[in-house]
Number of protein chains: 2
Amino acid sequence: MRDAEIIAVGSELLTADKVDTNSLFVTDQLNMLGMEVRRKSVVGDDRALLTDAVREAIARVDLVILTGGLGPTEDDVTRDAVASALGRTLVFRQDLCDQIEERFRRFNRKMVEINRRQAFLVEGADPLPNQRGTAPGQWIEHDGRVAVLLPGPPSELKAMFTEHIVPRLTARLPASVIRTRFYRVAGMPESDLDQLIAPVYTKYQNPVTTILAGAGDIQIHLRARCDSEEDALRLLAELGGPIEELVGDRIYSTTGDALEVVIGKRLRERNATLAVAESITGGMLAERITSVSGASDYFVGGFLSYTNAMKTALLGVDAELIAKHTAVSEEVAVAMAAGARERTGATYALSITGEAGPESATGSPPGVVFIALAGPDGVEPRRFQFPGGDRDRVRRFATGAALDLLRRKIK
Amino acid sequence: MRDAEIIAVGSELLTADKVDTNSLFVTDQLNMLGMEVRRKSVVGDDRALLTDAVREAIARVDLVILTGGLGPTEDDVTRDAVASALGRTLVFRQDLCDQIEERFRRFNRKMVEINRRQAFLVEGADPLPNQRGTAPGQWIEHDGRVAVLLPGPPSELKAMFTEHIVPRLTARLPASVIRTRFYRVAGMPESDLDQLIAPVYTKYQNPVTTILAGAGDIQIHLRARCDSEEDALRLLAELGGPIEELVGDRIYSTTGDALEVVIGKRLRERNATLAVAESITGGMLAERITSVSGASDYFVGGFLSYTNAMKTALLGVDAELIAKHTAVSEEVAVAMAAGARERTGATYALSITGEAGPESATGSPPGVVFIALAGPDGVEPRRFQFPGGDRDRVRRFATGAALDLLRRKIK
């Protein structure tokens, strides 16, 4: 009992605006028990397609969990499909029908005829009581493997999983535990990071290493599965140690905190304040900073000096300096940061100016960004060349780089 | 060419905190072409499991779309798995490798050895250029069916799907035509809108009506599928006419343009300029405005007056006014907008102040927002009460409401 598949049933989950989120809860629960989800599928309300999907899944893994399709209508095909995938019949259970009828009575309603469908069990299945809805779940053992049928509404699913499935699985499982370690890394392209740490992590099948990349923000997950917590933690330390050494201070979080959260905590600890002066990013840097609840403890505000005239009017950047170096220059970044710090009285001020693209409006190639950090010790500028071509991506990279510059300053 | 399956590849998509959202975009695009998604799967970075999944899918449907797993690392197994599922080999393409190397050079970086992996094509595949990343896509025809490989990062996937996949599919599809009509609606909760127009749209199976809701921004899609364009357009007019009448001027776009794009066009037409003064939204309003390429034609910039002190220092809001009415008040919103307009010289200035929550820092309940629009005719304030409890949602609603206020002013 190690590997599971999850099949979410319902044509609505195949539309352009619905995702199956039940599987996230189920995955979390299974992982805590030391089981792995090997594959997830979404299948519409189609008896034949679902029958195939169940037949394939039960041939691959020890546990197949189906969610949804247990309602009373013609569209609800899960019972049927599982029965035919396993070569069994459906059996009507008067006791279950009585319970459904009783439930309707409790809410002063009369059971409609179609609800009788929900009293059919796959031959040999154990019914799983549902306190929150009419559809009972089903637990079916088959050649040493297990298929589980649970209703789709999340509140029903979650309660039934916790009450019925977790204890039954626990009884069948070897005593294995899963422990994880987590790093967030800034200021490094994914391929560089992978090249750096692959020689270490590829040595281990356990823990499993996963690298996730966003624009300028990378996450490394390590997941160890062992017979004891002690072994899992030892393995995580054995792999995590060298990774930490290699990646060094580019790791900004081991708790999952985002960069803006890490910075907020450090500014608050030091009683320091922060202001911004944004050109290319047009508010995105401040938006990230203020997405953290309580940001007003350290973030005072700042300037959106989008045009050259505003760089002069709001921040006092010398118009001749802009004329000489263009707005996308180290000199202007420095003057913006200095102006923002002076005019707000904040401890630190970050400025960003650059060329977002897709076309160049300033003469600099898209993706060129200058960032400056003004603080008690003066102003430090940095030049970046991010991959151009996608305006939003350049702006995301730029805000990440600005936040990281500050993080390194106040660590 | 009617039925498709989507396979999202990546072990991170089998964890308890990640869902595959690429398939939503792909589903939407396929539906617009008149194709149906029959099944979706998520498979981890496992060559054997993915090979099975591809083999099964291509036996069931005309089109299999794989997203992800095209990166340069050991974990990226999509190329391999598809080749073995189709019984083909992988072929190294020097021309693709040169393009990848050239891309690195453009960003002043050296291509690392592992990126060579991305230059392997499944034998017989057409490479699909990727302007936003290193991994080319692949289009593979197989016994009259098609497998498509696309990279996982959404910006790359979306651009490539639109540029390469839609035209190729269109060329293969039968002559039934699909025509769509599209409305974007501001300033209305989804349930109110649905109640308003359901009596009309539920009368029609064709066109299909879909309502998509974001925070303060709703889209209505009508999709007609007919034998002739004439019939499709007639049906769309028959259903669209009454909807337009009912929803009225809350419809801000029929082209798909976002609110910030609509506003940008109108400001540009009038040679008018815009400034902002943001408190609660902390840059999000400006970020939306400047997400539009060319925004510097009409957006001058503005102020992030996050603290009370900054409202006074940057915008000249009287400290006594704040003390008397609190920062979350009509009076302060008006003073912020007036101050921003005066200090930037812009034609219009929008201010936003409010309580984002989750806890109240100002005495006002979370979700209370005051927005003011200053223009040549004076300053107009508005009070809003958005659903509280979710900081990001409140801020999104607030920026949408501010943009809509301006839209109504300059329409």
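The domain assignment of chain A, taken from an automatic or database source, gives domain 1 (3-172), domain 2 (177-253) and domain 3 (259-409). The centres of domain 1 and domain 2 of chain A, taken over C-alpha atoms, are separated by 36 Å. This is a predicted model, in which local features need pLDDT of at least 70 and side-chain atom pairs count only at pLDDT 80 or more, while totals for chains, interfaces and linings use all residues. Residues are numbered from 1 along each chain as its sequence is written, and chains are lettered from A and ligands numbered from 1 in the order in which they are written.

**Helices H1 and H5**

- The axes of helix H1 (residues 22-32) and helix H5 (residues 154-172) of chain A come within 10 Å and cross at roughly 20 degrees, axes being lines fitted to C-alpha atoms, for helices over the stretch in contact, with angles from 0 to 180 degrees between N-to-C directions.
- H1(A) and H5(A) are therefore roughly parallel to each other, a label given to angles under 35 degrees.
- In the contact (C-beta atoms, placed from the backbone, within 7 Å), A:Asn22, A:Phe25, A:Val26 and A:Gln29 of H1(A) meet A:Pro154, A:Leu157, A:Lys158, A:Phe161 and A:Val166 of H5(A).
- By class, the contact of H1(A) with H5(A) has six nonpolar, two polar and one charged residues, where Ala, Val, Leu, Ile, Met, Phe, Trp, Tyr, Cys and Pro count as nonpolar, Asp, Glu, Lys and Arg as charged, and the others, Gly among them, as polar.

- In helix H8 (residues 259-269) of chain A, the buried residues (20 or more other C-beta atoms within 10 Å of their own) include A:Leu259, A:Val262, A:Ile263 and A:Leu267.
- Among the elements that cover the buried residues of H8(A) are strand S9 (177-186), strand S11 (217-226) and helix H13 (391-409) of chain A.
- H8(A) and H13(A) pack at an angle of about 30 degrees, with their axes 10 Å apart, and that makes H8(A) roughly parallel to H13(A).
- A:Leu259, A:Glu260, A:Val262 and A:Ile263 in H8(A) meet A:Gly400, A:Leu403, A:Asp404, A:Leu406 and A:Arg407 in H13(A), and the residues of this contact divide into five nonpolar, one polar and three charged.
- A:Asn271, which follows H8(A), has a positive phi, near 55 degrees.

**The loop at A:Thr73**

- A:Thr73 lies in the loop between strand S3 (63-67) and helix H3 (78-85) of chain A, and A:Thr73 counts as exposed because 11 C-beta neighbours lie inside 10 Å, the cut-off for exposed being 12 or fewer.
- A:Thr73 and A:Gln118 are 45 residues apart in sequence and 9.2 Å apart in space, C-alpha to C-alpha.

Notes
Helices (H or I, at least four residues) and strands (E, at least two) are DSSP runs, numbered from the N terminus. Angles under 35 degrees count as roughly parallel, over 145 as roughly antiparallel, 65 to 115 as roughly perpendicular and the rest as oblique. Two residues are in contact if their C-beta atoms, placed from the backbone, lie within 7 Å.
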